[in-house]
Amino acid sequence: MRHRRPAALAAAFVLLAAVPSFSQVGLYLGPYAGVSAQKPSFENVRFDRNTTFLYGLRAGVQVLMLALEFHYFKAGHAVEMEDFLLFNWDGLENDYSFFGGGLRLMFPLPVVRPFLALGHGSYTAELRGVDLDRRRGWNFGGGLEVKLGRLALIGEGKWQRATFVLDDFEIGLGDFTFTAGLNIYW
């Protein structure tokens, strides 16, 4: 019986916190920008982390505490290799983009709304002059939205992961994205 009390209190807190969210239904659209920090991985080859500017657009529909979102972003990275015994891509441009969907679970507070996010979609890596590959992958993260009427400021951090085959080499691409943007609700 002792173990049920904390679980019951936690469930009651979540339900009470959800009461204000029942009136929250809407569509939103908004641009965002930020940084993308890539770290490619390949067996026995070390890459330096490369950070660059990214830009994108999100659209979604929110019902209660959940939102279904669609995202697009694009970033241009320069490949930075520490050593290159098998191949030399050092200094080449990697055009990296994502298009996909995701779910956002919001914790409904009156103005400031923290959230968790999980998404899936199509990642594209184009190593200029070498190869292009599209693969599906997952992302997850969280953030904070400050809603002021129909306008909301949003900050978000996500971990992106996809594996590409470029020039017959299977390269894992881990990517942290940190973005800030606006959502316009109607």
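Colleague: In which sense do strand 3 and strand 4 pair, and over how many bridges?

Modeller: Good place to start! In this predicted model, strand 3 and strand 4 pair in the antiparallel sense, over 13 bridges. To follow it by eye, find Ala75, which stands opposite Tyr96 in strand 4.

Colleague: And how does strand 4 pair with strand 5?

Modeller: Strand 4 and strand 5 are also paired in the antiparallel sense, with 13 bridges. A hairpin of five residues joins them. Here Tyr96 stands opposite Ala125 in strand 5.

Colleague: Why is strand 4 described as largely enclosed?

Modeller: Count its buried residues: 10 of the 14 residues of strand 4 are buried, so the rest of the structure largely encloses this strand.

Colleague: How should I read a nonpolar core, and which residues have the most contacts inside the largest one?

Modeller: The general idea is that in soluble globular proteins, nonpolar side chains tend to be buried together. In this structure, the largest nonpolar core has 19 residues, and Phe73, Val79, Trp89, Tyr96, Tyr123 and Phe164 are those with the most contacts inside it. Strands 3, 4, 5, 7 and 8 each supply at least two residues of this core. Apart from it lies another core of eight residues, including Phe115 and Ile154.

Colleague: What is Phe164 in contact with, leaving aside its neighbours within four places in sequence?

Modeller: Among its contacts are Tyr96, Tyr123, Phe169 and Leu173. Phe164 also touches Asp133, Arg135 and Glu170.

Colleague: How do I read an aromatic pair, and how many does the structure hold?

Modeller: A pair of aromatic rings is described by the distance of the centres and the angle of the planes. The structure holds eight aromatic pairs. One of them is formed by Tyr96 and Tyr123, which are stacked at 6.0 Å centre to centre, with 20° between the planes. Tyr96 belongs to strand 4 and Tyr123 to strand 5, so the pair ties together parts 27 residues apart in sequence.

Colleague: Are those two tyrosines buried or exposed?

Modeller: Tyr96 is buried, with a relative accessible area of 0%, and Tyr123 is buried with a value of 0% too. Together with Phe73 and Phe98, Tyr96 and Tyr123 form one aromatic cluster.

Colleague: Where does the charged end of Lys147 sit?

Modeller: Over the ring of Tyr185, 4.0 Å from its centre. Look also at Arg104, whose charged end sits over the ring of Phe115, 4.7 Å from the ring centre.

Colleague: Where is confidence lowest, and where is it highest?

Modeller: The chain averages a pLDDT of 86. Confidence is lowest in helix 1, at a mean of 63, and highest in strand 6, at 95.

How values were computed
Residues are numbered from 1 along each chain as its sequence is written. This is a predicted model: local features need pLDDT of at least 70, side-chain atom pairs count only at pLDDT 80 or more; totals for chains, interfaces and linings use all residues. Side-chain values use heavy atoms; hydrogens and water are left out. A nonpolar core is a set of buried Ala, Val, Leu, Ile, Met, Phe, Trp, Tyr and Cys residues joined through side-chain atoms within 4.5 Å. Buried means under 20% relative accessible area, exposed over 50%, partly exposed in between (1.4 Å probe, protein chains only). Helices (H or I, at least four residues) and strands (E, at least two) are DSSP runs, numbered from the N terminus. Contact means heavy atoms within 4.5 Å. Two strands pair if DSSP finds at least two bridges between them. pLDDT is the predictor's confidence in each residue, from 0 to 100. Rings of Phe, Tyr and Trp (its six-membered ring) pair if their centres lie within 6.5 Å; planes under 30 degrees apart count as stacked, over 60 as edge-to-face and the rest as tilted. A charge sits over a ring if NZ of Lys or CZ of Arg is within 6 Å of the ring centre and within 35 degrees of the ring normal.
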